[in-house]
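Keep the structure in view as you read.

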Amino acid sequence: MAAATPQSPHQQQSSSPFVEYIRAPGGLDKVVLRGSRSCSVEIRLFGGQVTSWKNDHGEELLFVSSKANFKPPKAFRGGIPICFPQFGSHGNLEQHGFARNRLWTIDDNPPPLPVNPAIRAFADLILKPTEDDLKMWPHSFEYRLRIALGALGDLSLTSRIRNTNTGGRPFSYTFAYHTYFSVSDISEVRVEGLETMDYLDNMKNKDRSTEQGDAIVFESEVDKVYLATPSKVAIIDHEKKRTFVLTKEGLPDAVVWNPWDKKAKAMQDFGDSEYKHMLCVEPAAVEKPITLKPGEEWKGRMGLSAVPSSYCSGQLDPLKVLHG
Ligand SMILES: O=P(O)(O)OC[C@H]1O[C@@H](O)[C@H](O)[C@@H](O)[C@@H]1O
């Protein structure tokens, strides 16, 4: 196991063959985690954002738009932006909060997390509010993010957010790991684990409805926040014969978003046809904001793995996918 918790980036680079710190101009320094064969994960300090996750054949598993603007202060379109302290427009702050637009730093001294022998390499980042952030959102916090690559290429993100307010003030926030999955063709994708769930429809003024019994498929724009969802969701890419298995802890909700053709055209940093090759499924806490008293800490974890799946006579065995 190797950690990106160096005294200096150069020390880190030399100390582990699995973790590399790469300097880049314009605030785009990144950390690269390397696993077996060609598995890797790339993390930008800007936004604390995972911008690449590759399997052992070196295939990219996350979507990043060919039009992504890699120039701060805008968040990159793709990978895994962090939405904090606000998801979407569920509050008075900028869309999806400010964490995705800030420069994070390497956390030199993170409090320990339980040892996981399956982890091959990890990086620890930290975000604290600037003076300007405090004017917008008057709460002092420490946000620690561990990004870990498992020996078999699994990716996990663990967030620990602590209220460091002095003077006894609690704060509340909403949150999401805004994960952009790369898919071969959105019309060949289905999501299992969210059927029969209640959801808020962002396209209908956050109206509440209930999903039908079937797995979710995609034929038009979708922007829904599924509520109180199970801890495992499967994203099945029939054409690619690949299933993404997403697990989550501390994050009751799951957002599903695809902008489809009209919205795609309206987004400057997104190609007109790219909606066909992406799907966002985002473990989240939206309906019930999380409240922390001073000194309290919240933990929210997402685990991702990509496994081969077979497609026989129109049916996958959902039980196998979801329960192993
Ligand atoms: O363009 P942004 O700010 O990155 O947001 C993209 C989408 O993110 C999703 O999570 C939201 O549910 C959508 O409503 C939103 O359009």
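## Around the ligand

By class, the shell around the ligand holds 3 nonpolar, 5 polar and 2 charged residues. This is a predicted model.

Which residues are around the ligand? They are Gly88, Gln95, His96, His178, Asn202, Asp223, Val255, Trp257, Cys280 and Glu282. Strand S20 (253-258) supplies at least two residues of this shell, and so does strand S21 (278-292).

## The whole chain

The protein chain has 4 helices and 22 strands. Its radius of gyration is 19 Å, close to the 20 Å that the globule rule gives for 324 residues, so the chain is as compact as a globular protein of that length. The C-alpha trace spans about 55 × 45 × 40 Å along its principal axes.

Buried residues make up 44% of the 324 residues. Now take contacts between residues at least 6 apart in sequence: 65% of them join residues at least 24 apart.

## A buried strand

Look at strand S4, residues 40-44. Here 5 of the 5 residues are buried, so S4 is largely enclosed by the rest of the structure. Ser40, Glu42 and Arg44 point one way, while Val41 and Ile43 point the other way.

## Its two partners

S4 pairs with strand S3 (residues 30-34) in the antiparallel sense over 5 bridges. Valine 32 stands opposite glutamate 42. The two strands form a hairpin with 5 residues between them, and arginine 37 in the turn has a positive phi of about 45°.

S4 also runs antiparallel to strand S5 (residues 49-54), joined by 5 bridges. Valine 50 in S5 is the bridge partner of isoleucine 43. S4 and S5 form a hairpin with 4 residues between them. Glycine 47 in that turn has a positive phi of about 85°.

Notes
Residues numbered from 1 in each chain as written. Predicted model: local features only at pLDDT ≥ 70, side-chain atom pairs only at ≥ 80, totals over all residues. Rg over C-alpha atoms; globule rule 2.2 N^0.38 Å. Buried ≥ 20, exposed ≤ 12 C-beta atoms within 10 Å, placed from the backbone. Contact = placed C-beta atoms within 7 Å. Near = placed C-beta within 6 Å. Nonpolar A, V, L, I, M, F, W, Y, C, P; charged D, E, K, R; others polar. Pairing = 2+ DSSP bridges.
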